[in-house]
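Subject: Structure handover

Hi,

Here is the structure I promised to pass on.

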Amino acid sequence: MTIAGAWYLGLAAVLFSIGALGLLIRRNVLVMFMCVELMLNAANLTFVTFARMMNDIGGQVLVFFVLVVAAAEVVIGLGIVVAIFRRRANATADDLHLMKG
Amino acid sequence: MVNLLNGAIIAPLAATHASWTDIGTFAVAAAIVLAGAIGVVIARNPVHAALMLVMTLFGIAVLFVLQRADFLAAVQVIVYAGAIVVLFLFVIMFLGVDKTESVKVEPLRGQRPLAAGLTALGLAGVLILGLVSHWTTGKASVAGAANGPGSNVFKLGRSVFTTYLFPFEVTSALLVIAVVGAVVLARRPPTTGTDGPDAIGATGAIDATGETVDAAGDVTDPTTETIDEEVAP
């Protein structure tokens, strides 16, 4: 018998919180992206845990799709970061206030 | 079903007859995951943050293996640690963002305590709700059994190519869109007419120098690139 799913779910909740905290307090855009990846991984861990607990392979399939979407999101996000850095050097998230009135 | 889930969630660790190997593996992997996550948040250098992210991803892969999700563990290592983090590192090196972020500066006063408080509140809420409530909806095994005999790859593949065939196809369209978007975003903006097809010969080198200057982070507007290209020959 394996470990109860509650431990995995608690770990995933803590991991998600750390990711959210990092997203809120960091100002470097790349590190903010990494924190988003942390949150995605927490969700993936939850999916796999529920797939095991509820005996449903659909959770693992969903993790598969989340991986694909995460890859696409990172590609587009880093493209945007490169485009921004080309305009202005040393841009943190605070410097991106072009749409402020 | 609710009883089963309840038992699995509420039951303490000691009641599940978990072997010491499983417990030890879970503890080590969880420690690695949490240490890596905290490292991502508090590392000043983005390169260190990326390496800490790799640590977290490997820990998650170990947890996947522990839950009999072998294929996803392999994909996690290959795609995340092998592709996504490398992409992160490539962008970091490409932009030359090895400057450490000044942690002392706090542009919004009181933002960090507020963020920490809100996050702690949310975490506590989720944990408490998970302990005291049982919201289980839906039916088990609508897509096929995950546990039991048979290899994980076989079950996952059969589910992807039968039940989830249409989302799988849509995924390919998503990837194509992402590739095209990345190309469009990363293309250099058309400046003046100097970098047209009439430039021959050493244009590549000149372009390379222009990009190097650009990537070093000193140039702020595209006119400097034009000056570079005119001066260089």
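Before the notes, one term: contact here means heavy atoms within 4.5 Å. Also keep in mind that this is a predicted model.

Let me start with chain B. By that contact rule, residues 24 or more positions apart make up 56% of the contacts in chain B that have a separation of 6 or more. Of its 233 residues, 29% count as buried. The accessible surface of chain B is about 13,800 Å², and carbon and sulfur atoms hold 72% of that surface.

Next, the place where the two chains meet. How many residues does each chain bring to the contact? Chain A brings 70 residues and chain B brings 97 residues. As background, the size of an interface is often given as the accessible area lost when the parts come together. For chain A and chain B, the buried area is about 7,500 Å², with 73% of it on carbon and sulfur atoms. On the chain A side, A:Met34, A:Ile57 and A:Arg86 supply 10% of the area that chain A buries against chain B, more than any other three residues.

What about specific interactions across that interface? The rule finds zero salt bridges between chain A and chain B.

Three helices of chain A each put at least two residues on the side that touches chain B: α1 (5-25), α2 (29-53) and α3 (58-87). The one that gives the most is α3(A), with 24 residues. Sorted by residue type, that side of chain A has 48 nonpolar, 14 polar and eight charged residues.

Begin with B:Thr56, in helix α3 of chain B. Is B:Thr56 buried or exposed? It counts as buried because its relative accessibility is 0%, and the cut-off for buried is under 20%. Leaving aside residues up to four places away in sequence, B:Thr56 touches A:Leu15 and A:Leu38 in chain A, along with B:Val33, B:Gly36 and B:Ala37 in chain B.

Then there is A:Gly5, in helix α1 of chain A. A:Gly5 is buried because its relative accessible area is 1%. If you want a sense of distance, A:Gly5 and A:Ala70 are 65 residues apart in sequence and 25 Å apart in space, C-alpha to C-alpha.

Last, some backbone angles. Most residues other than glycine have a negative phi. Which way does A:Asn55 go, positive or negative? A:Asn55 has a positive phi of about 55 degrees, although it is not a glycine. You will find A:Asn55 in the loop between α2 and α3 of chain A, and it counts as partly exposed because its relative accessibility is 27%. Chain B has a case of this kind in B:Arg68, which is not a glycine either and has a positive phi of about 65 degrees. B:Arg68 lies in the loop between α3 (46-66) and α4 (70-95) of chain B.

That's everything from me. Over to you!

Notes:
Residues are numbered from 1 along each chain as its sequence is written. Chains are lettered from A and ligands numbered from 1 in the order in which they are written. This is a predicted model: local features need pLDDT of at least 70, side-chain atom pairs count only at pLDDT 80 or more; totals for chains, interfaces and linings use all residues. Side-chain values use heavy atoms; hydrogens and water are left out. Buried area is the accessible area (1.4 Å probe) that two parts lose on being put together, summed over both. A salt bridge is a side-chain nitrogen of Lys or Arg within 4 Å of a carboxyl oxygen of Asp or Glu. Helices (H or I, at least four residues) and strands (E, at least two) are DSSP runs, numbered from the N terminus. Ala, Val, Leu, Ile, Met, Phe, Trp, Tyr, Cys and Pro count as nonpolar, Asp, Glu, Lys and Arg as charged, and the others, Gly among them, as polar. Buried means under 20% relative accessible area, exposed over 50%, partly exposed in between (1.4 Å probe, protein chains only). Accessible areas come from the Shrake-Rupley method with a 1.4 Å probe; for residues, only the protein chains shown count as cover.
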